[in-house]
Amino acid sequence: MSFLKRYFIFTMLVCLFLTGCTKHRIPNKNYIENIAPSVLFYIRPTDDDNIEVTTIVPPIKKEERKIIKSEDRTLTGAILKLNANYFREVKTGQLRIVFIDKKLAEQGLFDVINTFFRDPSISQRLYLAVVEGDMESFLNTTLKENIDIFLYEKMNFNESQGEILTQNLHYFLKSYYSTYEDPYLPFYKIENNKLVYSGIAVFNNDALTDTLTLKEERIFRLLHPLVKYHKVLPITICDIILLNTKTTTKIDFSNSYNDVNVSVKLSSHLGEYKDGMKSDIHENYLKLEDRIQSSLEQEAKELVNKLQKANSDCLGIGRYTKTLTQKPFNGDTWKDKWSSLEFNIQFEMTFDDLGVSKCTKNK
Amino acid sequence: MIFRRNSSSSNKKSTSDSVTENLSAETIENLFSNMADFNKINLNTPGGNEYTLHFLKSLINVDQLNLTVILPLLHGNKGSVPLSIGSIEVTEIDTLHKAMENLLTGSILIEDIVQEKYWSIVIPKDLSRSIDTSQQESILYGPNDSFVEQIDQNITLIRRRLPIAQLKCKDFTIGSMSKTKLYLIYIDGLVDSEILITMEEKIRNIDYDVFLNTSDITSFLDDNKNSLFPQYQLSDRPDVIVSALSSGKISLILDGTPFVIAAPITFFELFQSPEDYVHRWLVGSFLRTIRFIAFLITLLLVPAYVAITTYNYEMLSLQSLIIVLTYRSDVPFNPVIEAFLMTLTLEILKEGSLRMPSKIAPSLGVVGGIVIGQAAIDSGIAGPVLVVCIAISGLASFLVPNYLMTNSSKLIQFIFIGLAGLWGSFGIILGLLFLGIHLNSLTSLDRSYIAPLAPFYSKDWKDIIIRSPIQYMKTRPEYLHTQNKNRTSRRKENIK
Amino acid sequence: MDRVNIINSNKSYFSSKHKIDSVMLALLTNRLQIIHFIIFSTERLQYPHMVWLIILGGVISQLYIYILSRWLSSNMGKKGVIGIFDLFGNVFTRIFLFVWLCFMLIKFIIASSYYVYLLHKYLMTQHPKLTLVLVLIISIVYLASKGFANALKFSVIAFVFSIGILLLYILLMFNTFVSIQDIFPLFGNVFNSNFLNSMLLIWGFFSGPECLILIGPYIRSDVNIHKSMFIGNLISIIEYVAFFLGTFIFYGSDFLPYVQHSYINMINFLQFKSIQRIEMITLPVLMVNFTLSLAVILLSSFKAIVYITGSKKIPKETTLTFFMISSIFTFACIFFILKLFTTEIQALFWGNVLLYLSVFTYTSIPAIIFIAILAKSGRVK
């Protein structure tokens, strides 16, 4: 045999014998039937300052599903303790949606969120939501319907449609760390054993300070500079439904950054209208536009006041103080400014389309 | 460095050592003793000449023997054999070795007893089968004649398509026992002389006893014997070989086999098929793209399944997760063993169907495919997702036109399954990296195997993934370094 | 042409029969620079207006690339190591090559360990680091064993593997909730307190081509070396600028300092219907770049050792020498990763060491060659 072959075989034999010297560590394979990838977590604080984590296992149709929960001082400890209640290892790789109790949100969410962020196996697209009420009994009753998968699909649907707000881990952390924005999360309530979407939970840094109702949530979405399309927009004052609304928001600051002009341009189709406007809509639509504008402006003012009281800039208005060349606010200075800002909100409403039928004049 | 001597010359010495006796009737009969097909005919012509005809009956065309040899000899009176038989070429033989050679390759030996001269006439038996359609590659709207086992007929098929004087045909004899004829065909003035010299050198260094098939030669001519990728193109279609020759490649025809070698090739040419040129060019491009995708599917689909179920469960979407979890819990094996077993079963079915007698094949196909597959799923030995994956990857492996590549890709798939079971998605990427490194350094007749990609020739990309219309392919492939690059007559003179 | 040699030639690591062309050279330059970008991520440049520093760094790097291309296209550069012997003289060349070799060894060890550290941290947490290091080194040695010309040719395949990642980053930018205000202010005080550190970091991004001083004989004679390397550097600049601005759009300037290795973490956000968590595919694909760069470093070191220890005329480039040298590199890497590169603090420390080393080599080596060429041409006159 040539020298090279002998050298090679010798080296391999030496390596083979040397493997006896190392500490054997059996790689922990994630055989998919031996793990219980949980999809939904529900986190709430207990009376003695612990965190309790509830989850549903397994997401397999043929086996009996059950709810397991455990509590510990830390979130990771609680997650690891879940394994004691089930014969498969609970893995967080497929974690898709986390419901956080309102009481825990009021205390400050950063530790919980940070734990999720630092775990490399959890995706950044984790849906977060704040819930108030008895989530556990709700999960218990709806266990048979694969509620965790249903909720995830619902969140997915909401995200793609844009009608009901969703928030994920990445955007929460981005707005938490940013000096110009504060985070917000969708807010759910358990009523009559049903999970009902009830608005937005508004945060100041990481503590929940206020919740917006559904009505206010609509204005919030209208005002938000990055939300540009609304499928259905009801105007409650006039009992009007607007469809396919496209909004463009412009934000201008005065030189001293004491006043801000927010002008929102809406263009939409007129969906349904009531209140017996027996006259021709094609003649009266300008009046209608004015009415809608004024009602929206009124509601927007109230919303902004509420946000300023809650000391939370969820709309991200502070971002627009940055121009190409300067960045006037650093650190916490924008937060101090936010409560004393004077808002000047204008809406400009145009109808793209007034509907198919043509209203004939009454004879 | 070992310099191998020329095999035929050494053989010549060995045989001529034993055949140094003089050429005579007794020596011929001794040499050809114990051969039932060795015949001898004595002719006494009215003109007083005496001839003895020696031949091997199994090798000559008996009808032609009567017509062109015996009758002219009997009636001709010209005195010597070449003058009597004017229609065919007659060569004089003076050594026993030459006589033996000629007798064994389909000639008759005429012994002129009076003048003590020996003449040989070539009258071989026409044993070829008629020109048939190619079994391996048949296209719908194009010529379907294919090569046969006779080398002269194959040359005819090529010469008819390229009636130019530059089509050169060098002959070699290889194999110490089989003495097979090998023709090296190229277009002079077009082909790069480096390829020619390399090929001739390799042919001269072939040293073996019997050559029955082209695959016997290719292992002598390979640059990399241990690679799984074929470095030569084998085809039994004349139009494929002629288009290869006109691009600037060389081709080798071996007597006794219809498969002809064309060299050099690149990796991307393994995915080309003559059928692409029949369809419209957009359709042809689409078919080629599908072949590349199918190759990737063959390599990666089942290993991806193994990786996801073993290590990377996070990569599944929620619905797929539920499907996979539901059936994985029933299967008793771990994913790697399950994938190996099912892929092996598919291979066994494939190999078995190759060797089955044709009468049993359909029913056994039903048994193997449907019954066993369905029974396996129902009993829980295998899962439906995996069976679907394996079936798709098995079918996809046949999309590559080169059949040698099909089996190679199956083997690579096994390696990938092992790597995926060891390291998950990292293992698959590692396998692709090693494949990339291997392909990168592979050469076919000293030309880079991934030619229009690695030495980047932008013009060649018109015929790799898309199949441009023929008018746009104005130049020959650049990696062949042909002497005349243009196919059209606008710029330079055409080959006349 | 020696007819016998075609069939029975010995395997040679340094044969220059197949040469690389312009596209390969451009992509090679680009891939050698990109591994530094992966290791030292951009988070330390805290402000969006540092993008102009990146462009400035790119322009200065073009000057150095010009020096290198002048060296490679000169008569001495075309002969590779022998050209360096001609340039510096026997003794000084050996000293120069020895020092160069030490630097390359340290770079090899730290770069390979850093990649294994990243892999172990984000993807293969359960596997022991030893296995991962061995796998990486085996792929490097496999590529290197195919010869210098083949290793340089691999840059095209490396680029093809990595182009998918670039396209994925572009896809990331087409999400909702993306606002251009995140990269404002784009013009600001570049010369702030962080200036020196940032300049050092950016210069480290562009280092890499100094390993290419020995590849003179492997470049085809009709290649416009300056143009190819210029384009390679340009591709790097475009990638860095696009990625830098992309991180600001995606993370915002306040979140970014808290994110480690944004190059790897950003893809976590992409989700398709059929496949999710694509970073489990992109992180191993980065291994291709490391394999290429470290194989070039290994082969250059091999050449340097052969010419230091052997005679100039008959270099002993046998397989045995290659195996021994790669074994030395392997054992050095294994020792390093098991003993000296275990904690995160150590990772940060060695990252800084690599940064300083790369900056030093990229600044000094072209400068030394430039000065030597000037001195030589001065002496000749």
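User: Let's start with chain A. Which domains is chain A divided into?

Analyst: Keep in mind that this is a predicted model. Chain A is split into domain 1, residues 25-212, and domain 2, residues 214-363. Taken over C-alpha atoms, the centres of domain 1 and domain 2 of chain A are 32 Å apart.

User: And how many residues of domain 1 of chain A are in contact with domain 2 of chain A?

Analyst: 22 residues of domain 1 of chain A are in contact with 27 residues of domain 2 of chain A. The two domains bury about 2100 Å² between them, with 54% of it on carbon and sulfur atoms. On the domain 1 side, E163(A), Y180(A) and L212(A) supply 39% of the area buried against domain 2, more than any other three residues.

User: What about salt bridges across that interface of domain 1 and domain 2 of chain A, how many?

Analyst: The rule finds 2 salt bridges across the interface of those two domains of chain A. The side chains of E181(A) and R319(A) also meet in a salt bridge, at 3.0 Å from N to O. Between domain 1 and domain 2 of chain A there are 10 residue pairs in polar contact as well.

User: Which strands supply at least two residues of the side of domain 1 of chain A that touches domain 2 of chain A?

Analyst: Strand 10 (194-204) and strand 11 (207-212) of chain A each do that. The largest share, 7 residues, comes from strand 10 of chain A. By class, that side of domain 1 has 9 nonpolar, 9 polar and 4 charged residues.

User: How much area is buried between chain B and chain A?

Analyst: About 2100 Å², of which carbon and sulfur atoms give 64%. Y313(B), L318(B) and L325(B) supply 35% of what chain B buries against chain A, more than any other three residues. The count of salt bridges between chain B and chain A is 0, but 6 residue pairs are in polar contact across that interface.

User: Which helix of chain B gives the most to the side that touches chain A?

Analyst: Helix 11 of chain B, with 8 residues. The side of chain B that touches chain A divides into 11 nonpolar, 8 polar and 3 charged residues.

User: Now chain C. How many residues of chain B are in contact with chain C?

Analyst: 39 residues of chain B are in contact with 45 residues of chain C. The area buried between chain B and chain C is about 3800 Å², 70% of it from carbon and sulfur atoms. M315(B), F426(B) and I437(B) supply 18% of the area chain B buries there, more than any other three residues.

User: Which residue forms a salt bridge with K17(C)?

Analyst: D446(B) does, and the closest N and O atoms are 2.0 Å apart. The salt bridge count between chain B and chain C is 1, and 9 residue pairs are in polar contact. Helix 16 of chain B gives the most to the side that touches chain C, with 12 residues.

Definitions and conventions
Residues numbered from 1 in each chain as written. Chains lettered and ligands numbered in written order. Predicted model: local features only at pLDDT ≥ 70, side-chain atom pairs only at ≥ 80, totals over all residues. Heavy atoms only, no water. Domains from an automatic or database assignment. Contact = heavy atoms within 4.5 Å. Buried area = accessible area lost by both parts, 1.4 Å probe. Salt bridge = Lys/Arg side-chain N within 4 Å of Asp/Glu carboxyl O. Polar contact = N/O pair within 3.5 Å; in protein donor to acceptor, adjacent residues only side chain to side chain. Helix = DSSP H or I, 4+ residues; strand = E, 2+ residues; numbered from the N terminus. Nonpolar A, V, L, I, M, F, W, Y, C, P; charged D, E, K, R; others polar.
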